[in-house]
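Open the model in your viewer and keep the selection tool ready. The stops below can be taken in order.

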Amino acid sequence: MIRLRPIVYLLSFIAVIEAGFMAIPWIVGIALGDDTVLAFGVTIAALLAIGIPFIVKKPVDPHLSPKGGFLIAALSWVVLSVFGALPFVISGYIPDFIDALFETVSGFTTTGASIVNNVEALPKSLLLWRSLTHWIGGMGILVFIIAILPRFDNRIIHVFRAESPGPQVGKLVSKLRFTARILYGIYIVMTVIEIALLSVEMSFFDAVIHSFGTAGTGGFSSRNASVAAFDSAYVDGVITVFMFLFGINFNIFYFVLIGNFSSVFRNEELRTYFFVVLFAIFSVATVNTLDNVYETFGESMRYSSFQVVSVMSTTGFITADYTLWPTYSQAVLFILMFLGGCAGSTAGGLKISRIVILFKTSIQGIKKSVSPRLVLPLKIDGKRLDPAVASGVTSYFSIYMLILGLSFFLVALSNSHLGHNDTLLTSLSSVVTCINNVGPGWDAVGPVSNFSGLSGFSKLVLSFDMLAGRLELLPLLILFYPKSWKNA
């Protein structure tokens, strides 16, 4: 049975928290004299009016079932996105609500796909809110709430698991809220370090915007040309390193801090992540050099490494139009869109851990077909993997492919029916990039274009895909499953 009182309490608390975060760009707008002050003020007032009455009295029993955890995860992100879109609509900078919702969902899910044609025309307060949604969505709003709500603590482990990316989610320490605080502490420190490093060659505002985009692996920029606008090898290098780091499981950083290096070196996912990134960088740089895309191998390494890590970490920042690269280089980037970063990171995609499990499961299936009586336990990091986890990964991949295929059909049908200048690659890459939370795609939604030309229906489908990808599919699907609300 689903207990509605804890769900209502948490959703109300989320509304208040969003109002608190929104106060930051509101104050910046007041200080700079932006014409967005009223828009932010009205939205903040609405969030507080809805949230405060329901958090005055805490629920007697805050326990949530697994089903309740999935529901609160899905509903919270819908609430965040709907109210987060209001400042864009009320201020008139994105008057169409579907467009504003698409932009905000893209922000919170750290996708980075945009419908804004002239980013530099937006007031700084809106630019800050736009990138702040990346930072909030990167680690997750529910993880933040767990960190500051000791009353719930381990009783809402299901909420933590529903929002955290990856096939396996556990606690670093005995108390769940301490785990959440450790993760957020690492997240904040890494963000601050990047801001400091980028401030060397950027304005402080630009450094904050791009650090938020990197930390959340989102990719919203304050410039129309993205990171390419700065034309700096130093900036490219700093952002490349941090995109790579934010694509690593945050548990690894904790193990490094406490000196548990054996767990770091034993981690198969981390080793695979390193290998794939290094192979992709060197192969793409080599092909780009041989094809005379860049004059020197060093220059090719600079741009190739940035784009490979940007796509692999699903950040989506741009320093080059990769659609002009050789076919091999484009193919590598397209494949990397599916892989994504590590489980427990802020990156999107299928996650390297799932790819490893799927690969080992396939090899195991081949061996069993040859020797049916052979007993082959599946091992990850030297430990036997629970068969339920392997089965869950297989189910996840099946659902993932089903949603991807259906979304591709709907987007292609919608844009073709409305007479849009749509290509097969536009429809396919828009779905792939959104469900994997990457950002730019190919053709009409490529790195030098955006999603503004797609139909309204396509934007709604892609918004669903972005939410589904960020929430690991199941929480959002359960939201539409009638039996989920039975006996609520």
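At what angle do helix 4 and helix 19 pack, and how far apart are their axes? Select residues 97–108 for helix 4 and residues 456–470 for helix 19: the angle is about 20° and the axes are 9 Å apart. Helix 4 is therefore roughly parallel to helix 19 (angles under 35 degrees count as such). Helix 4 passes helix 19 in a left-handed crossing, the near helix being turned anticlockwise from the far one by less than a right angle. Helices here are DSSP runs of H or I with at least four residues, numbered from the N terminus.

This is a predicted model, in which local features need pLDDT of at least 70, side-chain atom pairs count only at pLDDT 80 or more, and totals for chains, interfaces and linings use all residues. Residues are numbered from 1 along each chain as its sequence is written, and side-chain values use heavy atoms, without hydrogens and water.

Next, select Phe274, Leu278, Phe282 and Phe297, which form a nonpolar surface patch with about 370 Å² of accessible area together. Helix 13 (residues 268–290) supplies the largest share, 3 residues. Phe274 is found in helix 13 and is partly exposed at 37% relative accessible area.

Now go to the loop between helix 13 and helix 14 (297–312), where Asn292 lies. Asn292 has a positive phi of about 60° although it is not a glycine. Most residues other than glycine have a negative phi. Asn292 is exposed, at 65%.

Last, select Ser226, in the loop between helix 9 (204–215) and helix 10 (233–246). Its phi is also positive, near 60°, but Ser226 is buried at 9% relative accessibility (buried is under 20%, exposed over 50%, partly exposed in between, with a 1.4 Å probe and protein chains only).

Notes:
Patches are made of residues with over 30% relative accessible area and no salt bridge: like charges are joined within 9 Å, nonpolar side chains (Val, Leu, Ile, Met, Phe, Trp, Tyr) within 5 Å. Accessible areas come from the Shrake-Rupley method with a 1.4 Å probe; for residues, only the protein chains shown count as cover. A salt bridge is a side-chain nitrogen of Lys or Arg within 4 Å of a carboxyl oxygen of Asp or Glu. Helices (H or I, at least four residues) and strands (E, at least two) are DSSP runs, numbered from the N terminus. Axes are lines fitted to C-alpha atoms, for helices over the stretch in contact, and angles run from 0 to 180 degrees between N-to-C directions. Angles under 35 degrees count as roughly parallel, over 145 as roughly antiparallel, 65 to 115 as roughly perpendicular and the rest as oblique.
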